[in-house]
Amino acid sequence: MEMGMTPVHPGECIRESVEAMGWTVGEAARQLGVSRAAFSRVLNAQAAVSVQLALTLETLGWGSADFWVRMQGDYGLALARRARAA
């Protein structure tokens, strides 16, 4: 990956899944067992996908927990590298 490129925050992919289901943010948060505010922070790349949320996403059939944890890790690592280089 190029130094200037940052991977997509997993919240963007989760948002696509929520939209595909035709759910509101509140409905999706209820399905996932999280608060609307916490879920909104994930969708807006203001909070990380936790291991617990990754497991819940897996239960819904929205990819494996491993995928979500790796995606979040890749995103965080890219941000840390960018900050170190600055």
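Which residues in helix 1 meet which residues in helix 3? The legends below take this contact and other views in turn.

**View 1. Helix 1 and helix 3 in contact.** In this predicted model, G11, E12, I14, R15 and V18 in helix 1 meet F39, V42 and L43 in helix 3, where contact means heavy atoms within 4.5 Å. The axes of helix 1 (residues 10-21) and helix 3 (residues 36-43) come within 7 Å and cross at roughly 115°; such axes are lines fitted to C-alpha atoms, for helices over the stretch in contact, and angles run from 0 to 180 degrees between N-to-C directions. Sorted by class, this contact has five nonpolar, one polar and two charged residues (Ala, Val, Leu, Ile, Met, Phe, Trp, Tyr, Cys and Pro count as nonpolar, Asp, Glu, Lys and Arg as charged, and the others, Gly among them, as polar).

**View 2. Helix 4 packed with helix 5.** Helix 4 (residues 51-59) and helix 5 (residues 65-85) pack at an angle of about 140°, and their axes are 7 Å apart. That angle makes helix 4 oblique to helix 5 (angles under 35 degrees count as roughly parallel, over 145 as roughly antiparallel, 65 to 115 as roughly perpendicular and the rest as oblique). V51, A54, L55, L57 and E58 of helix 4 make the contact with A65, W68 and V69 of helix 5, and these residues divide into seven nonpolar, no polar and one charged.

View 3. At 36% relative accessibility, E58 counts as partly exposed (buried means under 20% relative accessible area, exposed over 50%, partly exposed in between, with a 1.4 Å probe and protein chains only). Not counting residues up to four places away in sequence, E58 touches G63, S64 and A65. The C-alpha atoms of E58 and W68, which are ten residues apart along the chain, are separated by 8.7 Å.

**View 4. The setting of these views in the chain.** The chain has five helices and zero strands, where helices (H or I, at least four residues) and strands (E, at least two) are DSSP runs, numbered from the N terminus. Buried residues make up 33% of the 86 residues in the chain, and its C-alpha trace spans about 40 × 20 × 20 Å along its principal axes.

**Notes.** Residues are numbered from 1 along each chain as its sequence is written, and side-chain values use heavy atoms, with hydrogens and water left out. As this is a predicted model, local features need pLDDT of at least 70 and side-chain atom pairs count only at pLDDT 80 or more, while totals for chains, interfaces and linings use all residues.
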